[in-house]
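Here are some questions on how labels follow from values. Each answer sets a value against its cut-off.

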Amino acid sequence: MDEKTDVVSDVLETLRFKTLLFGRVDLGAPWALRLPRKANASFYVVARGSLRLQVEGTAKPVFMSAGDVVLLPRAPAHVLDDGTRKAPAARDFISSEQLRASAGASVRLGGPGADTTLITGCFQLGAGATHPLLRAFPSVIHLSTQEPGRAPSLAATVQLISAETAAPGPGSALVLGRLADVLLVHALRAQAVLAKPGEAGWKALADPAIGNALSLMHERPGDPWTVERLAAAVGLSRSGFAARFHALVGETPLQYLSNWRMTRSARWLHESDDSLDAIAERAGYESAPAFSKAFKRRWGMGPGAYRRTPTLRETGRVVFDT
């Protein structure tokens with residue numbers, strides 16, 4: 001293998017995440033928003049001003065200023081407010097009806113105080129949303145363009161998102177979807193750097209042996225891999241490789257391989273007209289019946305039924321799905 005497969009890119013490309021919601025709202029202090037738990041990952045971009053984020057189940061609030069981005073991978077219930085008091089007063093909370101009414105209009109909500117402009121969106125992930133790398137996300141990922149060492153491209157992406165939401169035009173939904181993709185990649189990179197030693201998921205990519213094993217499985221998922229073959233390919237003993245892989249990834253090598261094959265197969269079923277025999281072979285199965293049995297065990301339906309299910313919705317523009 002001349003060049004290692006980029007595991008992160010392969011995961012994101014295969015999951016085919018979509019930006020479902022994208023909205024922008026101007027807020028004047030005092031203000032507060034209460035958002036319930038959602039099924040999809042949420043993100044916020046502060047285009048102007050500042051705010052405080054309090055996520056359910058976390059002790060410390062997150063303070064954000066202009067240019068900051070926050071990603072909530074598991075979309076827990078949370079409160080956003082202007083951050084000027086210990087806690088927002090009940091009268092400061094903006095209702096769901098007010099937020100919906102502001103969609104597509106230049107409306108300022110809240111009070112007469114300092115301004116904050118907030119941009120929001122949601123990601124929906126396809127088959128494989130339980131991938132170990134995604135499970136390893138913390139509840140909150142805060143990216144600040146002011147942090148030393150932060151890539152200049154993050155600040156440029158935030159500026160482009162702010163400009164596009166301020167003056168949307170033809171094709172804005174597509175542009176914003178692509179920019180949101182870039183934000184998610186920045187979050188992935190940040191998590192790979194910040195992951196703690198021994199933390200399953202992201203440290204696996206930085207480990208030479210386990211990172212190489214993951215690249216091999218992603219590059220050639222249909223190969224007849226065994227623990228012995230993978231261990232030999234990365235220069236480790238069978239037992240040492242198996243223990244190290246499980247510690248860093250959170251799954252055994254063959255569990256990971258099986259799950260990844262099923263994730264890739266789900267994409268192939270939706271995006272190609274290949275026969276079940278061809279897909280079974282690409283996924284490393286000796287026959288279509290064996291593949292179908294494994295697929296149904298993983299996804300709760302057979303390959304044919306899965307192929308007939310609708311794919312993810314395209315990017316839309318809805319402000320605050322409350």
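Q: What makes F245 and Y256 an aromatic pair that is edge-to-face?
A: This is a predicted model. In it, both F245 and Y256 are buried. Their rings lie 6.0 Å centre to centre, with 75 degrees between the planes. Pairing needs centres within 6.5 Å, and planes over 60 degrees apart count as edge-to-face.

Q: Which parts does the pair of F245 and Y256 tie together?
A: F245 lies in helix 9 and Y256 in helix 10, so the pair links parts 11 residues apart in sequence.

Q: Why is the pair of Y285 and F291 called edge-to-face?
A: The ring centres are 5.8 Å apart and the planes stand at 65 degrees, so the pair is edge-to-face. Both Y285 and F291 are buried. Ring pairs also link them with F295, W299 and Y306 into a cluster.

Q: How do you know that helix 7 is roughly perpendicular to helix 9?
A: The axes of helix 7 and helix 9 come within 10 Å and cross at roughly 85 degrees. Angles from 65 to 115 degrees count as roughly perpendicular, so helix 7 is roughly perpendicular to helix 9. The residues of this contact divide into 9 nonpolar, no polar and 1 charged.

Q: Why does S272 count as buried?
A: Its relative accessibility is 17%. Buried means under 20%, so S272 counts as buried.

Q: What does the side chain of S272 reach?
A: It reaches the backbone oxygen of W268 at 2.7 Å. It also reaches the backbone nitrogen of D274 at 3.3 Å.

Technical notes:
Residues are numbered from 1 along each chain as its sequence is written. This is a predicted model: local features need pLDDT of at least 70, side-chain atom pairs count only at pLDDT 80 or more; totals for chains, interfaces and linings use all residues. Side-chain values use heavy atoms; hydrogens and water are left out. Buried means under 20% relative accessible area, exposed over 50%, partly exposed in between (1.4 Å probe, protein chains only). A polar contact is a pair of N or O atoms within 3.5 Å; within protein, one must be able to donate a hydrogen and the other to accept it, and residues adjacent in sequence count only if both atoms are side-chain atoms. Axes are lines fitted to C-alpha atoms, for helices over the stretch in contact, and angles run from 0 to 180 degrees between N-to-C directions. Helices (H or I, at least four residues) and strands (E, at least two) are DSSP runs, numbered from the N terminus. Angles under 35 degrees count as roughly parallel, over 145 as roughly antiparallel, 65 to 115 as roughly perpendicular and the rest as oblique. Ala, Val, Leu, Ile, Met, Phe, Trp, Tyr, Cys and Pro count as nonpolar, Asp, Glu, Lys and Arg as charged, and the others, Gly among them, as polar. Rings of Phe, Tyr and Trp (its six-membered ring) pair if their centres lie within 6.5 Å; planes under 30 degrees apart count as stacked, over 60 as edge-to-face and the rest as tilted.
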